[in-house]
Each structure stands twice: as C-alpha cells, then as structure tokens.
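Hi there,

Here is the structure I promised to pass on to you.

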Amino acid sequence: MTDKISERIPSAERREQILEAASRVFGERGYFGATTDQIAKAAGISQPYVVRMFGGKENLFVGVLSRSLERLLVAFTRTLEEWKAEGSPAAPAAAVVSDGTPVAGGHGEIGRRLGLAYVNLIEDRGLLLSLMQAFSMGQDPTIGARARDGFLAIYRLLRDEAGFTPEQTRSFLAEGMLLNTLLGLRLPDEYGRDEAATELLECTFRTKLELVLGVAAENGAASVPAKAQGA
C-alpha cells in the first residue's frame, strides 16, 4: 500500500493497521530485534510514514503495549460482566491458612472463564509475547513504567472485580506468565515430539490446546500433530 493510498484511510484505522503489524513483528523478533522498516513492510506502509505517525520504535512499542493491555483488560472485563450477570456462579473459594501462611483457594468458575479468555487472546499474534517482553523491560524508564502500570491494573481488576484474594490473584497471574513462557519458548513446536513438552502443554492448556497449536502452526511451526485433533 502506498502512502498516497493510505492517506485515504481514516487515521484510527491506519494506526490499528500499524499496531497490528508491529505486534506480530515485535512478538516474532523481540523489541531489540525488530525495526521500524520491518514493521512498515508488514503493515504495507512506508517506513517514513510509520515514523511520522509514531515518532520512533520506542513510541511504537509503547503503542503496542497499550493496545495489548487494553485488549486484555477489555476481555477480562467482559468476562466478569457476563459472570456477574449470571449471578456470579461458583465464586472463588476462600483462601486457607497453613502453618500461618495464607494459601490460595480455588479460583472458581470465574477463574476458569478468565483463563479461557486469556488463552483466546493468542489468536491476536504477538499480543501475549509483546506483553512478556514489556514485563521483562522494567529497567526502561518509558516502557518499564507503562508495563508496571498495566500489570498493576490487571492485578487490581482480578482482586477487586473477580473477588480474588491477594494469594489467588498471585496464583492466577503466575499461571498466565507460564502460558507466556511456553509460547515464548515455542514449546508448542515440540508437541508430540518430546514427552515432557507434550505433557506440560496438555496440563497447561487443556481444552484450548488445539487452538494454541493451530496458532503456533500459523506462525511457522509444523502442522498440528494428529494427537491434538479433537483435544
């Protein structure tokens, strides 16, 4: 797409087009490995046009991070609203105390629904991986600050709206980071080839494993193994 043609597209649509492409490129190459030229090519727009709109790679990554956090928070908020509209079935179980230490109770039905909503987000290529990269850049004064704000916003939503205790919230977030780690390691590529990888993936993703493997295949991995069909 030429800049002349892209000028006819509304600004908000052009911005989303670039952010979507940037999310994929950052997800595949990482922050330091990606370039604005690669992102421009992925978006079908010239590199000067991308720089003109965002001002550079750091601002572009912050835009990707903000987009990812917004989509995650929207997905969680909608899930919570639907759950509450149904009368909040099977609310999270209260935490128990063992040897004086609080231990997270069960996350209940809302924990299951939020987990499914989170896994469904991997269909947006690069979204979860971009979040993981941002969370690992706490030392960056700009990216780190935005990532911390976003992470704490997720924490507060789970604690205040889902009714999780601090221990339950920690447990839920830890599971989410495990999902990101498995995707970042491209462990789905090893499904059906390595016994330990297969076992861990099945235990982690459960009914959403086929979705995860399908997305991995679309991103260049091997085709979904027969074992995953109908998972």
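Below are my notes on salt bridges, aromatic pairs and a charged patch.

Before the details, please keep in mind that this is a predicted model, in which local features need pLDDT of at least 70 and side-chain atom pairs count only at pLDDT 80 or more, while totals for chains, interfaces and linings use all residues. Residues are numbered from 1 along each chain as its sequence is written, and side-chain values use heavy atoms, with hydrogens and water left out.

Let me start with the salt bridges. I count one where a side-chain nitrogen of Lys or Arg lies within 4 Å of a carboxyl oxygen of Asp or Glu; by this rule there are 11 salt bridges. One of them joins Arg67 to Asp124, with 3.3 Å between the closest N and O atoms. Arg67 belongs to helix 5 (residues 57-85) and Asp124 to the loop between helix 6 (108-120) and helix 7 (127-135), so the pair ties together parts that are 57 residues apart in sequence. Helices here are DSSP runs of H or I with at least four residues, numbered from the N terminus. Arg67 is buried at a relative accessible area of 5%, and Asp124 is buried as well, at 13%. For these labels, buried means under 20% relative accessible area, exposed over 50%, and partly exposed in between, with a 1.4 Å probe and protein chains only. The areas themselves come from the Shrake-Rupley method. Arg67 and Asp124 also take part in a network of salt bridges with Glu16 and Arg71.

Another salt bridge brings together the side chains of Lys84 and Glu161, at 2.6 Å from N to O. This pair links distant parts of the chain, as Lys84 is in helix 5 and Glu161 in the loop between helix 8 (143-160) and helix 9 (166-184), 77 residues apart. Lys84 is partly exposed, with 37% relative accessibility, and Glu161 is partly exposed at 35%.

Glu109 and Arg112 form a salt bridge too, with their closest N and O atoms 2.7 Å apart. Both residues sit in helix 6, 3 residues apart, or about one turn of the helix. Glu109 counts as buried at 18%, whereas Arg112 is partly exposed at 46%.

Now for the rings. Rings of Phe, Tyr and Trp (its six-membered ring) pair if their centres lie within 6.5 Å, and planes under 30 degrees apart are called stacked, over 60 edge-to-face and the rest tilted. The structure has 8 aromatic pairs. In one, the ring centres of Phe76 and Tyr118 are 6.3 Å apart and the planes meet at 40°, so the pair is tilted. Phe76 lies in helix 5 and Tyr118 in helix 6, so parts 42 residues apart in sequence are tied together. Both Phe76 and Tyr118 are buried. Phe164 and Phe172 make a tilted pair as well, 5.8 Å centre to centre with 50° between the planes. Phe164 is buried at 3% relative accessibility, and Phe172 is buried at 8%. Elsewhere, ring pairs connect Phe26, Tyr31, Phe32 and Phe61 in a cluster.

Finally, the surface has a patch of negative charge made by Glu190, Asp194, Glu195 and Glu199. Patch residues have over 30% relative accessible area and no salt bridge, and like charges are joined within 9 Å. Glu199 is in helix 10 (residues 195-205) and is exposed, at 51% relative accessible area.

Note on methods:
Patch = residues over 30% accessible without salt bridge, like charges linked within 9 Å, V, L, I, M, F, W, Y side chains within 5 Å. Areas by Shrake-Rupley, 256 points an atom, 1.4 Å probe, with all protein chains shown as cover. Lys, Arg positive; Asp, Glu negative; His and termini not counted. Charge placed at Lys NZ, Arg CZ, Asp CG, Glu CD. Helix = DSSP H or I, 4+ residues; strand = E, 2+ residues; numbered from the N terminus.
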